[in-house]
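Open your viewer, load the model and keep the selection tool at hand. We will go from stop to stop, picking a few residues each time.

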Amino acid sequence: MILYIHLLHKQPGNNMKLFYCNLSLVLATAAGFTIQTGNINKYNSISTALYAGNPNPVFPVQYAPVAASPAISSNTNRRPIVAGNWKLNPATKAEAIELLNGLKAGGVHDSEVVIFPPLPYLSDALTILAGTGINVGAQNAGSNTKGAFTGEIAPSMLASSGCSHVLLGHSERRSLFGESDSSINERVQACLAEASLNVVLCVGETLEEYEIGLLKSVVDTQLRKGLAGVSADDLLMGRVVIAYEPVWAIGTGLVATPNQAQAAHVAIRDTLLSMYTNPEVASKMRIQYGGSVSPDSVKDLMAMPDVDGALVGGASLIPDSFLKIIQGSWN
Ligand code: PEP
């Protein structure tokens, strides 16, 4: 039996609503119902509580196994790439150094690895991880090159400091800091103008969009706008990696099923096929899945033919977990 809880109120921080939702979840689970939720915003603590408390969430939209278009070569040797997005963590430099030393102890990896620490820790990261093969990148960059832009960071500053990657278009930048597709595109172009910088461009739909079947169109628009003006040559050189991150999976503990991730990655390749005349662009593009990836989920996700790696938030702050994810991306 399925109980469908439709949340009408989306304001966070309402303790009574949270209490009643949790109570109904506990009672319904005890009575043998499968819980299915709808109209959920990930920033709503009630929704997160529902999902977090539900070991077997029923996804409102299901995806069957899907293969990439025949125009896409299956023999592309895409090297897996695992990235760690530290977000606004950890709180102190001492903790960051401990974390970096934990990663260094993991040695050299077969998959490509990038970490995105907060800006104040970049120089320590570059020093401590030198020789490990782990790349260091920034969580954002501005599109201006210099001048009166207080608080901004120019791509040339990152490149000349030794960073190799920049994470752009993360859903938290889009939703919390108002970054639009066009401002993300300006940043993509500014970063690619620095010869030594590579970009990880994040795309992904919200839960509301997912529930009404908009995954493909949302991701299609984000890609077309985010990559506008980017040359096929830059893409063929591997200077851009796409991170497919369903917003509802980020930081919620709810991982997309391998079939869901595969379907989204195929949709991304389809968009690239229609954007660029050379089909190699779509074939060679590395596409990471991101959203609550853990050592337990990484292998099944990586078993999908179009999943080429993972973008990891929470688990990248625990060296043991992150190292296991890196290992799982290869084996
Ligand atoms: C992220 O921040 O990009 C992310 C995927 O976070 P988490 O792994 O914690 O869901």
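**Before you start**

This is a predicted model, so confidence matters: local features need pLDDT of at least 70, side-chain atom pairs count only at pLDDT 80 or more, and totals for chains, interfaces and linings use all residues. Residues are numbered from 1 along each chain as its sequence is written, and side-chain values use heavy atoms, with hydrogens and water left out.

**Stop 1**

Select His170: an N or O atom of its side chain is 2.8 Å from a ligand oxygen. Next, pick Gly251, where a polar backbone atom sits 2.6 Å from an oxygen of the ligand. How much of the ligand does the protein bury? Taken alone, the ligand exposes 290 Å², and the protein buries 95% of that. Such areas come from the Shrake-Rupley method with a 1.4 Å probe; for residues, only the protein chains shown count as cover.

**Stop 2: salt bridges**

A salt bridge here is a side-chain nitrogen of Lys or Arg within 4 Å of a carboxyl oxygen of Asp or Glu. The whole structure has 14 of them.

Select Arg78 and Asp306, whose side chains meet in a salt bridge at 3.7 Å, N to O. The two are 228 residues apart: Arg78 is in the loop between helix H2 (45–52) and strand S3 (81–85), and Asp306 is in the loop between helix H13 (298–302) and strand S10 (309–312). Helices (H or I, at least four residues) and strands (E, at least two) are DSSP runs, numbered from the N terminus. Buried means under 20% relative accessible area, exposed over 50%, and partly exposed in between (1.4 Å probe, protein chains only).

Move on to Arg286 and Glu112, a salt bridge whose closest N and O atoms are 2.9 Å apart. Arg286 lies in strand S9 (residues 286–290) and Glu112 in strand S4 (residues 112–116), so this pair ties together parts 174 residues apart in sequence.

Then select Asp181 and Arg174, whose side chains meet at 2.7 Å, N to O, in another salt bridge. Finally, show Arg78, Arg269, Asp306 and Asp308 together: salt bridges that share partners join them into one network.

**Stop 3: aromatic pairs**

Rings of Phe, Tyr and Trp (its six-membered ring) pair if their centres lie within 6.5 Å; planes under 30 degrees apart count as stacked, over 60 as edge-to-face and the rest as tilted. The search finds two aromatic pairs.

Select Tyr210 and Trp248: this tilted pair is 4.8 Å centre to centre, with 40 degrees between the planes. Tyr210 lies in helix H8 (residues 207–211), and Trp248 lies in the loop between strand S8 (240–244) and helix H11 (258–275). Tyr210 is buried at 1% relative accessibility, and Trp248 at 2%.

Now try Tyr244 and Tyr289, whose ring centres are 6.3 Å apart and whose planes are at 55 degrees, so the pair is tilted. Tyr244 is in strand S8 and Tyr289 in strand S9, 45 residues apart.

**Stop 4: two buried residues**

Select Ala243 in strand S8, which is buried at 0% relative accessibility. Its C-alpha atom is 9.6 Å from that of Ala83, although Ala243 and Ala83 are 160 residues apart along the chain.

End at Gln262 in helix H11, buried at 2%. A polar atom of the Gln262 side chain lies 2.9 Å from the backbone oxygen of Val66.

Key: Polar contact = N/O pair within 3.5 Å; in protein donor to acceptor, adjacent residues only side chain to side chain.
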